[in-house]
Amino acid sequence: MNGQYHVFPSPQSSCDKDVILNILSVLTDLLSLGTGRRIHYVISKGGSEALLQALLTAATRTEPPDHSTLLPLLRLLARVGQRDRKFGLKVQKAEATDIILSLTRKNLGHHLPLTHCLWVLRVCASNVTTGTMLGINGAMELLFKVITPYSKRHVRTVRAAIGALAALLKSKSNSRRAVNRGYLGELLRLYQDWHRNDVSNNYIYIRRGLLLCLKYITNIQLGRETFLGSQGMEILFTSVQDCLSCKNLDPVIATATQILRKCYPKENLPVMTVRSSYSFPLPGNAKAEPSCEESEGDHESDGEEEAEKDLDNEDEQSKEEDYDLETDVNKLKSRAVLDRPEEELGQYESMCPELSLNFQELELESKEEKSLEDRTESLPSTPSHFIPSATSVKHPNCRWRNQSVTEMGPDPGEQDFKVPLQSWRKKEECRWDQSNEKRDIAEAAWDTNFCEEEDPARSFLFALRPLPKDGAWYKKMFCPHCEASTSPCPGGRLESSDTARNLLEKHQGVVLFHSPYFYAARAQCVKSISGYRDLAFPDFWGHQPPPYSKPTLERKHGVQRDKVLDDVRRLIQPDDVIGRTVYDLDEPSSCSRPAAPDCLKFFSKFESGNLRKAIQVREFEYDLIMNADVNSNQHHQWFYFEVRDMKLAVPYRFNVINCEKFNSQFNYGMQLVMYSVKEALQGRPRWIRAGHDICYYKNHYHCNATAGGGMRGKFYYTLTFSIKFPHKDDVCYLAYHYPYTYSTMMSHLDILEQNRNPKKVYWRQQTLCQTLGGNPCPLLTVTAMPESKNRDDLQQFCNRPYVFLTARVHPGESNASWVMKGTLEFLVSSDPIADLLRKCFIFKIVPMLNPDGVINGNHRCSLSGDDLNRQWLTPDFQLHPTIYHAKGLLYYLRSIGRAPLVFCDYHGHSQKKNVFLYGCSIKETLWQAGCMVDTAVITEDVGYRTLPKILDKVAPAFVMNSCSFLVEKSRESTARVVVWKEMGVLRSYTMESTYCSCSHGLYKGLQLGTQELEEMGSKFCLGLLILHLKSLPCSKEVMAQAALLLDLEEEITDRAQRRCSNSSLESDDEPPCAEEIDYNTDSSVDGEEDFSELDQEIQECLSWVEGKTEDEGVTTEQTCSSRALRRLYISSQPVPNSTTLPLGSTALGLYNGFESSPV
Ligand SMILES: [Zn+2]
């Protein structure tokens, strides 16, 4: 084909003309067969240029232009041009814009050629510069002549004109011109006319085309203002109401909704300042003002000075990602640096008591703990609890835990929500009865003070949040026998410890590894910025995972547009908008004020609580604003608050209106979690996934420069959900994810320490350091006690390699804590695998790297307003003490030649599914960045891949395909990269756990609960043991034991894996979501790049003309005879029953079908 297009002869004779027609016919047939690949080939060989040249010749050399060649040529141009991304530039180069424009102008009265010109015009205008030029030369005026006034004559031409106009309006200067000439109002009127007259929805494409024009015009501020001034919001809103019931009209509704969202007048968030309600004075002369991080690069850039640039950026994102990769080999190579004086490392010796263990100490200890040991024999640590058996069964809707196939009951839907009390309580109840002594200890803790240095004034001020106030329910619950009992004054605080004791007598001990006594005792010692005095019920009472896991929520068709339209209704029909602030952290008086009747009450001043403000919008709808991280003005994501006084069976709508992330798993089936106090007191103390009609989209709130403290034009997003509460007048808690507070962790450690078998488990809890807020950050050491006191065993004890684990550096990632909980419980358990594992490693664990953040309800940062996982390169000992000392301890271990074999920092990932690891590899990073890698120079141990590969096999939630081992520049100060580089730890990881669900394996399509997260933590331990066996020398004894245990284990996991055979599918992308492209208002993504649209339009027009000519009764506007007209229509259909091309007798490219049909 090469060179073919240089030889379009100039049509001087009729013979030449036939040649041209033949060539066009061949081309048309060639290009209409098969896929777009042929067209792209033609483009790559200069096809667009040749066709443009031919057009110039045809249009200028003959007067009047010869339509028999011109029309097929224009069609070819439209088809080829729309697929040629450089077409606009080529048109300019060929100086063809004027020709096309004047050709259009000349044909104003001739609708068929005019339609053809308009198609080409539309394709030319897809390049913004070319479009602008066309606009300057009067293209829009021309198009307006075609589309106004409203008329159903020549709809094909009108359609083509609207398509061309929409393309032109992508140029902002054209949009300005259009607004200035009053076209916006005309477009609105035209849209109304079509909307009104198109009763049977035959002209949807025209209505949508007009909306697209409006959509592009309103990309500029002037457009939006004029739109508002022309009652555009009302017009579109009203018209959409008529369309909602008809599914065919979805494209119209979607575009109208986009315009409504975009034009909704921008507002500042209804808060005085976006800075956090909490501030914390920093030590020294550290900056009190937060740095204004640019988050997610999502800034407003509208206004008149917008750059007119080509949208030629489809590869930009991946390029940006690659650009972030570290390609400097020297920076990738491990280097032993020290960020502090070497003599400072000495202080960490005391944090490794296991290395200087002596016998007296051991002996003393075992005597001391003997009595305790006796009562811990019955501890809840059966192996089956930790390593879930293969009898877990997958059910299409719900999966029951610990239930065999034969036990599968009926569909566990609502009715299982009300499992009878005994069925799940029995076992644990006994357990608690057996350990009465332990309860005594805990009760003592409740009474006396747990903390060493305690403000005496505060300790007795702490109180549990008031219980539900519904009198009848309360009486039934607490005084079932005393009919005549007086009102228990349930609205007040549980001030008398008697009431609390009654409560505990009645219901304690239902939750494994949780004690309300321990919790309350620990919570008293917590130092929070606002001085919390309340205990949230769920944290106090505990959480017992429900016996089923819930599938991801199916997204209802059109849920987002319905919510958006409901938001727009506030503007159009403001009558039912209440707009009353019902909770305000910044104005405490608002909380004590008597609440309005028929209004929910909110509260969030408790550990990990986060809710800044609640505004009642309508009777059952509330806008919620989250608090920014302390000393910061951003990072809104985590929420956790109490709500009470609800009605039964009413869906309440909540809108969290200051979210910041660009997208959310809430758009892909994730639900939030809810805890009902009434449910808990009736024996179902649990966080459950809740909420329906959930979606996440960009809203009309923004943050201006002054309010944002320098952050310019930041957008916000809304998370909206509806909830029907299970009881009336209940007290419920709603949270972003299963809460796990600092006090929960501290009391959990207390219980673990009590519960371990001290003969077998070596356990030390020390304080790594005090946090900025004055809370101790615990450091744990866990390993097996030495086998005996003989020298060899002690030697083995001391020489075990280290595993260093950390979690919860990001406070909003509570899932990380649940995984850590699983790890810890497994490590101290009596499971034989745990026993073996303890003999293989010494575990150093910092279970919560950011206690202050967790306590104060932050999402990302510490009290200094810093992301602690970006401080590992040079942590400040005052501002980032936990990081400074965790790193110090690692330095110390390295300095004595004991750098850990594995380092892992547990996190949560809010955008992705599955559990996976991030690791570090020089080679993979360089390869990904496209660098030449001299493998002779760079050698790399691929051992970093072993652990994730093992986890992929043993942990059902873990997916190897989601892992990545690239080192990004933007991550150079994270724990993972610094520990890898500075400590030389090959296996240095970040473990990310989804908040949502898995895309693969056993848990595919199910939302992860705390049980699955905890299981991940225990499976991680199993993975470590297998790693040890695979990569380190082991004693025969260990090997034999392991062989025995793991054979069994492997068999189990094999079976589990086989059940879900699709587990190896690779797919990082989200499943298609009905409104995926629409959660944002970004106009550059609207799926219009679909070439089939214009192709189809051309095709429809062709068959229409063919149909017309076949029954010549209908008068057409054509100037040429029907026969001539038919000659113009070179087939774009594949030739039926023939593989030869229609040359020879059909040289004029007549459609085969015509020949045989009578004329
Ligand atoms: Zn994180």
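Me: What should I know about the model before using its numbers?
Reply: In this predicted model, local features need pLDDT of at least 70 and side-chain atom pairs count only at pLDDT 80 or more, while totals for chains, interfaces and linings use all residues. Residues are numbered from 1 along each chain as its sequence is written, and side-chain values use heavy atoms, with hydrogens and water left out.

Me: What makes H810 (ND1) a donor of the zinc ion?
Reply: Donors are N, O and S atoms within 2.8 Å of the metal (3.2 Å for Na, K and Ca), and water is not among the atoms, so sites may look incomplete. The protein donors H810 (ND1), E813 (OE), E813 (OE) and H907 (ND1) lie 2.1 to 2.2 Å from the zinc ion, and therefore they count as donors.

Me: Why is the site of the zinc ion called irregular?
Reply: Four donors are tetrahedral if all angles lie between 85 and 135 degrees; four are square planar and six octahedral if opposite donors are over 155 degrees apart and all others between 65 and 115; anything else is irregular. The angles among the four donor atoms run from 59 to 149°, so the site is irregular.

Me: Why does C124 count as buried?
Reply: Buried means under 20% relative accessible area, exposed over 50% and partly exposed in between (1.4 Å probe, protein chains only); C124 has 1% relative accessibility, so C124 is buried.

Me: How do you know that C246 is in no disulfide?
Reply: A disulfide is a pair of cysteine sulfur atoms within 2.5 Å, and the nearest cysteine sulfur to C246, that of C243, is 7.8 Å away. A search of the whole structure finds zero disulfides.
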